[in-house]
Amino acid sequence: MQQQIVTVLGATGSIGTNTLDVIERHPERYQVYALSAATQIEKLIAACEKHRPKHAVVLDEVSAEQLSRGLRLRGLETQVSFGSQALIEISTAPEVTTVMAAIVGAAGMSATLAAAKASKRVLLANKETLVLAGQLFMDAASHSASVLLPIDSEHNAIFQALPAAYRENPYQSSLAEVGIERILLTASGGPFRTRELATFADITVAEAVKHPNWSMGRKISVDSASMMNKGLEVIEARWLFNALADQIQVVVHPQSVIHSMVQYRDGSVLAQLGSPDMRTPIAYGLAYPERIDAGVQPLDLFAVGRLDFSPPDTTRFPCLGLAFSALKQGGAAPAVLNAANEIAVEAFLNERIKFIEIPQVIDAALSQLATLPSMSIEQLLEADAQSRVFATQFIQSKLSSC
Ligand SMILES: NC(=O)C1=CN([C@@H]2O[C@H](COP(=O)(O)OP(=O)(O)OC[C@H]3O[C@@H](n4cnc5c(N)ncnc54)[C@H](OP(=O)(O)O)[C@@H]3O)[C@@H](O)[C@H]2O)C=CC1
Ligand SMILES: CC(=O)[C@@H](O)[C@H](O)COP(=O)(O)O
Ligand SMILES: [Mn+2]
C-alpha cells in the first residue's frame with residue numbers, strides 16, 4: 001500500500017477536523033503535507049503540532065506572522081505562506097497525492113480546480129465549486145487523471161449506489177443508458193421543517209444554526225435551514241453524476257439515516273445508510289476503493305426505529321425553488337445564485353437581515369444578473385463578483401429604507 005500525501009484545505013473547519021480525525025487513525029496510510037485555515041490560527045497551530053505538515057497556509061500576512069510565531073514557540077518547522085496562490089501551490093505540489101477540498105464557499109474554488117487539473121485525488125466537500133463552475137470543473141477533472149470523490153454525504157451515498165464504471169466516468173454514457181431512472185436526494189428538512197410558517201420572520205441565528213442531525217459549520221447550517229443546501233446539492237448532483245434536473249428528486253427524510261438513493265429501471269432502489277457522521281464519507285473518499293475504520297458508531301436500526309419520507313415544500317423554502325430554476329436556466333445563473341446566497345447568509349449571521357429575506361436577496365440578484373456571460377472561469381468569477389456587489393447593495397438599500 002502506497003502512503004497518500006494529503007493537503008487539507010479548510011483544516012480548521014468541521015470537515016477539516018473530521019478529516020484529520022480519520023487520518024490520525026491510519027498513520028501508515030496517510031501523511032499530512034499541508035493544512036490551510038482562515039481565522040482560527042490557534043486551532044491551526046494545534047493541528048500542525050499533531051500532524052507535522054510541511055506547509056501551512058492562511059489568508060493574509062498578519063495571520064501568517066501570528067502562525068509563524070506560534071509554530072516557532074513550539075519548535076515546529078512548518079513553512080508558512082498566505083493568499084490564494086499559496087493555496088494553489090499546496091494543492092498542486094508534485095508530492096501531493098490527495099486534496100481534501102473543505103474550504104467553505106466560492107473561496108475554495110480556485111485551489112480545488114487547480115488540484116483537479118494537477119490530477120490529484122480530489123475529495124470534494126466544497127459543493128460551491130460545482131455550483132459556481134460545474135461544467136468547467138468536471139471537464140478539468142475528466143481531462144486530467146484526477147480521481148474525484150464526493151464527500152457531501154448525499155453525493156457520497158449516490159456514488160456508492162451507482163454502477164462502478166458509471167460513477168468513475170459519468171460523462172462516457174448517461175444515467176438512462178445504465179438503467180437509472182432517477183436520483184433520490186434526501187433532505188432532513190432542517191430545523192424549521194415543522195415550524196409554524198407565520199413565525200419564520202422571528203427566526204434567530206441560534207435557531208438557524210442548530211441542525212437537528214448534523215454538526216456543521218455555520219454557513220452550511222443556515223443553508224440547511226433555508227433548504228438552499230439542498231438546492232446547491234441538486235446542482236452538485238447534476239454535475240457529479242451527469243444528471244438532468246428532472247432526474248433528481250428531493251425527498252424529505254427527517255432522520256438523515258438514508259443519505260440518498262438511486263432508483264433503477266427494474267424497480268430496484270439502492271440506498272446508503274449510516275449514522276449522521278461525516279467521518280464515513282471522508283473515510284470512503286480517503287480509502288476508495290478500500291474500506292477503513294472511520295471511528296463511527298455502527299448504525300443501530302432498532303434505535304432509529306422508523307424512517308419517514310415526504311415531498312419538499314417550496315412555499316416554506318423558496319431557496320430550493322430558486323436553485324432548481326437557476327439550474328434549469330443554466331449559464332451564469334447558478335454562480336449568481338451561489339454568490340448572492342453567500343452574501344445573504346453572512347448578512348443573516350451578522351443579524352443585518354432576517355432569515356426570510358435570504359431568498360429575496362437571491363431572487364433579486366438572479367433577476368438582474370442570471371444572463372451574464374459564463375463561457376470561461378474568468379466570466380463566471382465576474383458573475384460571482386457582480387452578484388456579491390449587487391446583493392450587498394440590495395441589502396444596504398433594504399436596510400436604509402427600514
Ligand atoms: N460540515 C459538514 O458536515 C459538511 C460540509 N460540506 C461542505 O464542506 C465545506 C466546508 O464546510 P464546513 O467544514 O462545515 O465549514 P466550516 O465553516 O466549519 O469550515 C470552513 C473552513 O474554511 C476556512 N475558510 C473560511 N473562509 C475561507 C476563505 N475565504 N479562504 C480560505 N479558507 C477559508 C475556515 O478557516 P477558519 O476555521 O480558520 O476560519 C475553515 O477551515 C462547505 O463547502 C460545505 O458546504 C458538505 C457536506 C457536509
Ligand atoms: C452532512 C451533509 O452532507 C449536509 O449537507 C447535510 O446533508 C445537511 O442536511 P440537510 O441539508 O438535508 O438538512
Ligand atoms: Mn449534504
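Q: How many nonpolar, polar and charged residues does the shell around ligand 1 have?
A: In this predicted model, the shell around ligand 1 holds 14 nonpolar, nine polar and four charged residues. The shell counts 27 residues, and Gly10, Gly13, Ala107, Met216 and Gly217 come nearest to the ligand. Helix 1, helix 6 and helix 10 (218-226) each give two or more residues to it, and helix 1 gives the most, with three.

Q: Why is ligand 1 said to lie between domain 1 and domain 2?
A: Domain 1 (4-150) and domain 2 (156-275 + 298-314) both give residues to the shell around ligand 1, so the ligand lies between them.

Q: Why is Ser14 called partly exposed?
A: Ser14 has 19 C-beta neighbours inside 10 Å. A residue is buried at 20 or more and exposed at 12 or fewer, with partly exposed in between. Ser14 therefore counts as partly exposed. This residue lies in helix 1 (residues 14-24). Leaving out residues up to four places away in sequence, Ser14 touches Ser215, Met216 and Gly217.

Q: What makes Glu128 buried?
A: Glu128 has 29 other C-beta atoms within 10 Å, and the cut-off for a buried residue is 20 or more. Glu128 is therefore buried. It belongs to helix 6 (residues 127-143). With residues up to four places away in sequence left out, Glu128 touches Gly105, Ala106, Gly108, Met109, Leu232 and Asn338.

Q: Which residues does UniProt place under the feature "binding site"?
A: The unreviewed UniProt entry places this feature at Thr12, Gly13, Ser14, Ile15, Ala38, Asn126, Glu128 and Gly217.

Q: What surrounds ligand 2?
A: Ligand 2 is surrounded by Asp152, Ser153, Glu154, Ala187, Ser188, Gly190, Trp214, Ser224, Asn229, Lys230 and Met278. By class, these are three nonpolar, five polar and three charged residues. Helix 7 (153-161) and helix 11 (228-240) each supply at least two residues of this shell.

Q: Which residues does UniProt list for "domain: 1-deoxy-D-xylulose 5-phosphate reductoisomerase C-terminal"?
A: The unreviewed entry lists residues 148-241 under that name. In the model, this span is 43% helix and 12% strand, and its end C-alpha atoms lie 11 Å apart.

Q: Which residues of the largest nonpolar core touch the most other members?
A: They are Ala101, Ala323, Val336 and Ala344, in a core of 127 residues. Helix 15 (residues 333-349) contributes the largest share of this core, eleven residues. Ala323 is in contact with Met228, Gly231, Leu232, Val234, Ile235 and Leu337, its neighbours within four places in sequence left aside.

Q: Why might nonpolar side chains be found buried together?
A: In soluble globular proteins, nonpolar side chains tend to be buried together.

Q: How do you know that domain 2 touches domain 3?
A: Residues are in contact if their C-beta atoms lie within 7 Å. On that criterion, 13 residues of domain 2 are in contact with eleven residues of domain 3. Helix 9 (205-208), helix 10 and helix 11 each supply at least two residues of the side of domain 2 that touches domain 3. Helix 10 gives the most to that side, with five residues. By class, the side has nine nonpolar, one polar and three charged residues. The centres of domain 2 and domain 3, taken over C-alpha atoms, are separated by 24 Å.

Terms used
Residues numbered from 1 in each chain as written. Chains lettered and ligands numbered in written order. Predicted model: local features only at pLDDT ≥ 70, side-chain atom pairs only at ≥ 80, totals over all residues. Near = placed C-beta within 6 Å. Helix = DSSP H or I, 4+ residues; strand = E, 2+ residues; numbered from the N terminus. Nonpolar A, V, L, I, M, F, W, Y, C, P; charged D, E, K, R; others polar. UniProt positions renumbered as here; feature names shortened; annotations may be inferred. Contact = placed C-beta atoms within 7 Å. Domains from an automatic or database assignment. Core = buried A, V, L, I, M, F, W, Y, C linked by C-beta atoms within 7 Å.
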